[in-house]
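Please look over the sequence and the model before reading on.

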Amino acid sequence: MFAYTDPIGRGVLATQNALGTYRDLLQGFYEFGAEKPGTRFCLLGNLPTTAKQTTIPWPAFPKTADADDKAIDARRFDFQDEYVEWHIERLRNQIRRITFITELPEYYEALAKVGHGALVAGIVDAIPSASPTPAELYGLDFDPDVATPRERAARFRGRVVVPFDAPAGTVPENPWTNGSKGILCLGQKFNTMGALFNLVRECAFPRSGSSTDTCAAVGGACGPRRNSDPVICTQAQEVCRIPQGLSLSDPAGIRILELAGAWRIDGVEVDINDPDSNQGAWVIDRNGRRGVLDTSRALTLNNDSISSGAQVSRVLQVAADVVSADLAELLDREITVTADRPSRGVII
Amino acid sequence: MRIARCIVWVISICSTVCAQDQRLFKQQSNSSAVELLSTSERSELDDPLFTLVLKDHADAVNLKEILDLLQPDGDERRLFVVDERIKDPQDGQLRRAVIDFRGFRGPIRLNSNVMLSVSFNSEDFPTDPTSGIPAKRLRFVEAWGWDNHRRRYNYYRLDEAGSGGAKLTWKFRGSSQKADLLSPDERSGTCMACHINGAPVMKELLRPWNNWHSIDSPTNYLNPSQPVNVRWPVTTHPLMQNLTGAESLEQSIIAAISNFATAQVNRGLLRSDNTGNVVVRNGQVEVVQASRLLRHLFVTTEFNIISADRRTSNLHPIPEANETGPADAFAIPSTFFLNADLIAGGGPSGLDGLKIDEARAFLGRDPHHFVQPDEYKRLVKQSQVQIDGKPGDAHFCWLIPAPSHMDDKMIDTLMKRGLVTPHFVAAVLAVDLRNPILSEKRASLLRFCPDRYSFSEPANEQNRFDIQRHRDHELTKKVIEAIEAFTPDPGSTEAEFLAILRGNGETPIERLRQQIEAYEVEVGGRLAEPATRATELTRLYGLVLQSRRRVLNDPVLGSLDETGGRLLFPLPPD
């Protein structure tokens with residue numbers, strides 16, 4: 001199995017003895033991606049070390065949202081569907097901080113499988129002030145110490161991710177990610193690891209016609225009106241037509257890249273992406289999975305004060321990385337099916 | 001984006017050549033003489049291109065040298081490509097590139113504040129004006145930079161004009177100051193022929209950026225990752241490693257327009273002769289150039305091009321005839337029907353807007369209103385539209401000229417700052433809702449606006465939308481007075497505007513909302529009814545052709561088509 005790395009890069013998986021569990025979980029997604037006959041999606045282990053990495057960027061603004069900026073902010077789980085979600089903290093009605101995240105819940109699921117303590121350690125690493133209770137993480141009438149690893153992970157996931165068939169307005173119950181007490185990981189129903197792998201897999205079948213029409217040809221695997229899906233899909237199609245085999249780079253997931261636009265702090269222009277000069281106003285950490293915009297000082301974007309997270313999301317670029325190599329260079333290795341494959345329900 | 005292409009060359013007397021010519025010239029138009037820029041004129045230039053390059057290195061005429069002076073870090077440069085023939089991968093063609101820069105040089109922000117425009121060819125990226133190899137020889141650079149002190153854009157061109165064809169020299173080609181006041185004749189041959197308001201122009205500003213390399217339309221022959229038999233030889237040039245999609249340029253241009261709009265509004269306010277600060281009397285600020293600012297609300301000063309959201313027509317005749325048709329049904333762009341971005345607010349353009357949700361995704365929610373692939377093929381075929389003299393459509397479906405972000409941003413800024421009320425804006429739009437661009441009715445009403453009036457800044461958003469604030473606003477009062485004094489005929493545009501402004505029984509925003517609802521019911525009903533659907537689609541597509549023609553025939557807007565009517569918009573032959 002490929003030695004998948006800790007996506008957050010802070011070593012919590014290793015210190016909590018969860019890295020192996022996380023790798024098993026990831027392997028399941030990669031196998032799901034590669035197993036369908038005809039797809040040029042590969043296991044990472046099948047790609048040579050010379051494989052080329054390509055970054056696929058897109059804007060974080062959820063363009064499918066038929067709503068104004070305030071509603072997009074308020075109804076995160078209905079609208080924020082670009083593999084980016086955010087949480088706003090206010091003081092006396094003024095926005096003081098906006099936290100953007102691209103972390104996927106699988107990281108925490110792996111910790112939950114190891115144990116309640118490991119999960120809490122992971123949450124506290126993301127939100128230092130967090131003090132999550134078992135009831136908050138798993139619901140009432142659930143003893144994490146007697147539950148099986150799979151039960152713990154399932155209960156945790158069930159309270160952070162909106163089920164695919166849930167009605168509009170559904171909000172996950174975990175307060176440490178639903179905005180009541182913080183934001184931990186993606187929870188909108190389309191923002192899942194399974195959706196990402198399914199998208200790349202389905203778009204990696206060589207097709208005729210314009211590569212940009214591939215999204216329309218793969219059914220529900222690609223949301224044609226989103227920013228992210230068609231871009232990823234087109235890129236996957238372009239690569240597989242070369243012809244090359246491709247996969248999602250390790251660590252799989254979405255990275256926060258940068259903010260565009262003209263930014264000022266107290267009326268003075270700043271390079272918002274430069275940590276040395278932005279006075280701490282914009283901090284990306286957790287391996288690009290979390291970005292915090294501190295609006296406690298007079299911060300403006302294109303001469304406008306910050307009035308919503310949606311406003312900032314218009315200039316926020318995020319990306320997925322894919323890795324590819326010519327078909328002739330692919331290494332012929334057998335797919336090892338692990339015992340811990342994600343269920344179809346999780347995938348889609 | 002276009003930085004005006006200069007066509008007519010006039011050789012001037014300034015032809016003395018020396019190896020390291022530090023002189024900076026000026027040239028008003030392509031047909032004007034090239035003259036030396038005086039010391040006092042140089043002292044009025046303070047944009048990044050002047051400060052980092054021309055001030056001390058006016059002899060920098062090699063593109064690599066120019067780029068190094070602007071931003072030595074090659075990773076902080078981005079290259080965007082646009083061309084009306086961008087779908088044609090055939091070798092031997094030219095393409096237009098826009099180069100922008102990220103980051104800061106000391107206190108100077110580069111992003112959105114300076115851009116270059118150059119041409120390259122399939123073989124090479126010309127950087128050296130002295131190269132003996134035609135494919136490598138740099139022939140011109142066009143550029144603009146934002147002067148943050150004078151709050152204006154400066155335009156420059158590096159070319160052979162005035163040197164007798166002997167060498168390239170830099171010319172200052174004008175600034176954005178008073179660009180909006182120029183007549184069509186005064187614009188001719190100047191950068192302001194395309195930069196109508198003086199700000200940067202990216203016609204295809206919003207998704208899906210027709211004619212640009214973008215995430216919605218990747219250009220394989222420009223992609224260094226493609227196989228040798230697919231990509232152009234030029235892709236091995238270091239500059240091509242910075243190829244970036246138009247989606248990123250969109251953000252830079254939006255930031256640039258935002259800067260410009262703020263500067264324009266500030267320029268229109270009364271200032272103290274002593275301090276230069278805006279004069280505030282009893283909480284009131286006086287607008288002194290009202291008609292220039294309000295013009296954006298009444299007149300289409302620029303346009304942008306949009307099309308159906310990333311739906312390719314597969315009817316584009318470049319590089320060869322294609323009759324496949326769209327892969328799926330698509331929604332007609334809302335901005336075809338009305339100024340949706342401004343009326344609804346939000347969305348990718350991020351305007352505050354009038355917050356009338358009904359305008360967002362207008363006729364775009366119900367799949368019954370979507371255009372089916374076969375229907376679209378029929379419309380295109382029946383209309384006999386052509387691109388480059390060949391039957392066919394644009395790369396993306398339902399390509400239309402739409403209200404410009406420039407105008408919308410100006411109006412949005414005027415509303416936010418309190419110079420106009422949202423209700424006033426709603427009243428103007430309600431006069432001719434169904435003509436989002438080039439409305440003669442709206443344009444005829446500008447004459448009723450005063451040149452000077454006072455206003456107070458709204459306390460908050462609620463106050464901004466307050467109907468009483470609208471009624472008390474001096475602009476509202478003065479316009480009502482002017483129309484009343486005109487004694488308009490019943491049923492006239494003036495009378496209708498007056499009635500909406502007065503808002504007897506309903507606010508202008510409510511009136512506009514009702515109009516939008518009725519509009520959607522009316523058109524949606526005809527599209528949903530099988531007996532009327534085909535006729536309605538034909539009518540709507542006729543409006544598409546009409547709006548394209550009107551833009552091309554407009555004495556000012558038509559200049560933005562640099563293809564002689566052949567490639568910008570699909571149209572039937574005359």
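## Helix α6 of chain A

The buried residues of α6(A) are covered by elements that include α1 (12-15), α5 (106-114), α7 (134-138) and α8 (149-158) of chain A. Helices (H or I, at least four residues) and strands (E, at least two) are DSSP runs, numbered from the N terminus. Helix α6 of chain A comprises residues 116-126, and its buried residues are A118(A), L119(A), V120(A), G122(A), I123(A) and A126(A). A residue is buried if 20 or more other C-beta atoms, placed from the backbone, lie within 10 Å of its own.

## Basis of the model

The model is predicted: local features need pLDDT of at least 70 and side-chain atom pairs count only at pLDDT 80 or more, whereas totals for chains, interfaces and linings use all residues. Residues are numbered from 1 along each chain as its sequence is written, and chains are lettered from A and ligands numbered from 1 in the order in which they are written.

## The contact between the chains

Chain A gives 31 residues to the contact and chain B gives 36 residues; two residues are in contact if their C-beta atoms, placed from the backbone, lie within 7 Å. On the side of chain A that touches chain B, the elements giving two or more residues are β1 (52-59), α10 (214-217) and α11 (228-241) of chain A. That side has 11 nonpolar, 9 polar and 11 charged residues. Here Ala, Val, Leu, Ile, Met, Phe, Trp, Tyr, Cys and Pro count as nonpolar, Asp, Glu, Lys and Arg as charged, and the others, Gly among them, as polar.

## Helices of chain B

In chain B, the axes of helix α9 (residues 373-383) and helix α18 (residues 530-553) come within 11 Å and cross at roughly 55°. In the contact, E375(B), L379(B) and S383(B) of α9(B) meet L537(B), T538(B), Y541(B) and L545(B) of α18(B). By class, this contact has 4 nonpolar, 2 polar and 1 charged residues.

Helix α18 is also among the elements covering the buried residues of α17(B), together with α11 (422-431) and α16 (493-502) of chain B. Those buried residues are P508(B), I509(B), R511(B), L512(B), R513(B), I516(B) and L527(B).

## Lysine 87 of chain B

K87(B) lies in the loop between β3 (77-82) and β4 (94-101) of chain B. With 20 C-beta neighbours inside 10 Å, K87(B) counts as buried. Leaving aside residues up to four places away in sequence, K87(B) touches H316(B), I318(B), P319(B) and H395(B).

Key
Axes fitted to C-alpha atoms, helices over the stretch in contact; angles between N-to-C directions. Buried ≥ 20, exposed ≤ 12 C-beta atoms within 10 Å, placed from the backbone.
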